[in-house]
Each structure stands twice: as structure tokens, then as C-alpha cells.
Amino acid sequence: MTALRLGTRRSALAVAQSTGVAERLRAAGHDVELVPIVTEGDTSNAPLAEIGGTGLFASALRAALHEGRIDLAVHSIKDLPTTPEEGLVIAAVPGREDPRDALVARDGLTLGELPTGARVGTGSPRREAQLNALGLGLEVVGIRGNVDTRLGTLARGELDAVVLARAGLARLGRLGEITESLDPLQMLPAPGQGALAVECRADDGPTIRVVGELDDEDARACVTAERSLLAALEAGCSAPVGALAEVVEGLEGPELSLRAFVGAIDGSVDLRRSVTGLVADAARLGTQLAHRLLEDGAADLTRPPSAADPSAAAVAHPSAPHVPERIQ
Ligand SMILES: NCc1[nH]cc(CCC(=O)O)c1CC(=O)O
């Protein structure tokens, strides 16, 4: 059999992810060749929302798949839009890394030890909203770029701390720099964080079967729940939405527990809700939790004002003063 062509972006994180998947396929006896693909997300430092937002990293890989230049592509699921891509399938969601966010702070400090006014770097509205909701008086500073660039701002003394996905640091062998893995009670990760998607052409049965060997049932169920929540919220890519599903041992066997956060960037609204149910109902649980959040006001927080129905806007703020809310 000819080698499977695995398309990868050139960033250190993408190469680490792709290499990991290639190694697992080789260990199962398959021949795999890495094919470098350049995307606009890798070459521009403009804010993500400006250059196309979610899906930007995926689009060049997807074009290569559609054109038959490659047979499979590895994506960070959190960078994939929730709408399925016509003609392609996610043939595997491999075992997930620890999905938590991680703090890398100067002098080994934890979040609670950072002084008031400490400068914490993140480019993520979700992280910004949750940091602000903690009420620690931290100053959130927008940063972008790859993991190396973001850690560099700390090394150069421009910031006191940065928040990153633990999974990215794990894949780059930099877990040692973490000063605190953030508890999801404080910081819910992005839907899909820490999980990969291996995508193939829908009509390529042989590759789908080979890649399918890497699929992890629990990881797929958790990601399905988190992404169905995100889809049902109809949130834009820059919306402050966190979600984490876990398969836990319930009284009558395994259960899926799903927690979610929707908030205001400035921390003045902090909606947290959760649901548990059957693992087999993952998609439905996500939708159900999204509807509960929407009933409780999430639409105002996640949808860009232009998308809102103006007649709905009139009833969107029934009680005049903006009451800060904190629900655990
Ligand atoms: N937004 C970029 C991105 N996409 C995936 C990861 C890390 C790996 C993952 O979450 O699967 C990162 C870096 C980060 O958020 O710190």
C-alpha cells in the first residue's frame, strides 16, 4: 500500500500533533508521510476574528483534502467550526489530553498569589471573561501568536502571567513551565480543547477504516456534547463560551457530565450551568444545556449585536440595572 499522506501546518504545535498521530498509525503498521501545508493563520499576526476566525487554520488543510493532495489532516478540535464540512468526515477523535487551561506566571506564582493589577496575557475572550469574573483585580492584556511567542512575553518581563491550553504545552514538551493548572470550577476550557480531530474524505473508505482505529469513544462523546452546546448557542468564534464534558462513574454506570460557562468579557455576568445524562445522549445533553443557558440570558452575551433581532433587543434587558451575577 502507498503511504498515507498526512497534511500538517508548519507551526511547532501542528507538527507535534501531526507527528503524534503519524506515529500511532505507524505503530499500527501503516506507512505515513507528512505533507506541509501553509495557512493564512500561520503567517498573519492580525486578530483571529479579523482574518476569518474559526476555521481559518483548518481551511487550507481542508482544501488539500478536497483536492486529493493529502489523505488525512489533524486539527485541534477547538479550532474547527461546528458546522460539518461537506465531503469530509472526522474519522477519529483520539484520546484527549488534559483539557484544562494552564497558568504560566513569573516566580512560580498561582492565580490566587498574583497581586492586584498583575498583567495577565490572553487573546481569548473566554479566558478574559473568566479571569475578570474571579474578581481578583487582574489586568487582562490581549496577546496573540504561537505558544512560543506568548510565553516569550512573560520571559521578557512584559507580563506577569499568561494563560494557555495545557494540551498545547504538553505536546510541545513544556509542561514544566506551568505554575498552575486551572481548576475548571474557575476556568472552563474551550469546547473541544485538548482533543484532536483526524479528518478524511467521506468517500475514502480505506483511509477512514485505518484512521478509525485511533478513535476514542469517551473523547468523542465529550467533544460531541461540548460542540453541540456551542452550535446550539449559535455563538460567534469570539464568544466567551467555556464547556467541559467528562465521563464519570454514576450510580448506575458511566455518565456524561457537562458543565458550561457563558459570561460578559468584563466579568459582570458569569453564567454557569451543568447537566448529566447518558453517554449515548451526548449531543442531546449539549443542546439541552445550551437552551438552559439561553433561557437564563446567554444570547445577549454570545451573539454579535448585528445578528440580534432588534425587536428582541427591546425585551433583552427587562430589569434595568445590570446586576452582576455569580452562579456556581
Ligand atoms: N487557539 C490556538 C490553539 N489551538 C489549540 C491549542 C492547544 C491545543 C488544544 O487545545 O487542543 C491552541 C493554543 C492555546 O489555546 O493555548
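## Helix α5 and its buried face

In this predicted model, helix α5, which spans residues 147–155, has Val147, Arg150, Leu151 and Leu154 as buried residues. Seen down the axis of α5, these buried residues fall within an arc of 95°, and they therefore line one face of the helix. The face of α5 that is turned away from this buried side carries Thr149 and Ala155, which are exposed.

The buried residues of α5 pack against two helices, α1 (12–27) and α6, and against the strands β5 (101–105), β6 (119–121) and β8. After α5 comes Gly157, a residue whose phi is positive, near 80°.

## Overall organisation

The protein has 328 residues, of which 42% count as buried, and its secondary structure comes to 11 helices and 14 strands. When contacts between residues at least 6 apart in sequence are considered, 72% of them join residues that are at least 24 apart.

The residues around the ligand are Ser76, Lys78, Asp79, Leu164, Ala165, Ala167, Gly168, Gln193 and Gly194. Two elements, β8 (161–165) and α6 (166–171), each give two or more residues to this shell. These elements, β8 and α6, are also among those against which the buried residues of α5 pack.

By class, the shell around the ligand has three nonpolar, four polar and two charged residues. Both domain 1 (4–94 + 195–215) and domain 2 (101–181) give residues to the shell, so the ligand lies between these two domains.

## The nonpolar core

The largest nonpolar core has 82 residues, and those with the most contacts inside it are Val198 and Leu258. Helix α8 (residues 217–233) gives the largest share of this core, namely eight residues.

If its neighbours within four places in sequence are left aside, Leu258 is in contact with Ala225, Leu229, Ala243, Ala245, Ser274, Val275, Leu285, Gly286 and Leu289.

## Leu229 and Ala243

Leu229 has its place in helix α8, and it is buried because 31 other C-beta atoms lie within 10 Å of its own. Not counting residues up to four places away in sequence, Leu229 touches Pro191, Ala243, Leu258, Ala260, Gly286, Leu289 and Ala290. The C-alpha atoms of Leu229 and Ile265, which are 36 residues apart along the chain, are separated by 19 Å.

Ala243 is placed in strand β11, residues 241–250, and it counts as buried because it has 32 C-beta neighbours inside 10 Å. With its neighbours within four places in sequence left aside, Ala243 is in contact with Leu188, Pro191, Glu226, Leu229, Leu230, Leu258, Arg259 and Ala260. Ala243 and Thr19 are 224 residues apart in sequence, and their C-alpha atoms are 27 Å apart in space.

## Loop residues with positive phi

Asp107 is found in the loop between β5 and β6, and its phi is near 55°, a positive value in a residue other than glycine. This residue, Asp107, is exposed, because 9 other C-beta atoms lie within 10 Å and the cut-off for an exposed residue is 12 or fewer. The strands on either side of the loop, β5 and β6, are both among the elements that pack against the buried residues of α5.

Glu234 lies in the loop between α8 and β11, and it has a positive phi of about 50° although it is not a glycine. Glu234 counts as partly exposed because it has 15 C-beta neighbours inside 10 Å. The two elements that this loop lies between, α8 and β11, hold Leu229 in the case of α8 and Ala243 in the case of β11.

Technical notes. Residues are numbered from 1 along each chain as its sequence is written. This is a predicted model: local features need pLDDT of at least 70, side-chain atom pairs count only at pLDDT 80 or more; totals for chains, interfaces and linings use all residues. A nonpolar core is a set of buried Ala, Val, Leu, Ile, Met, Phe, Trp, Tyr and Cys residues joined through C-beta atoms within 7 Å. A residue is buried if 20 or more other C-beta atoms lie within 10 Å of its own, exposed if 12 or fewer, and partly exposed in between; C-beta atoms are placed from the backbone. Helices (H or I, at least four residues) and strands (E, at least two) are DSSP runs, numbered from the N terminus. Two residues are in contact if their C-beta atoms, placed from the backbone, lie within 7 Å. A residue is near a molecule or strand if its C-beta atom, placed from the backbone, lies within 6 Å of it. Ala, Val, Leu, Ile, Met, Phe, Trp, Tyr, Cys and Pro count as nonpolar, Asp, Glu, Lys and Arg as charged, and the others, Gly among them, as polar. Domain bounds come from an automatic or database domain assignment. The arc is that of the directions from the helix axis to the C-beta atoms.
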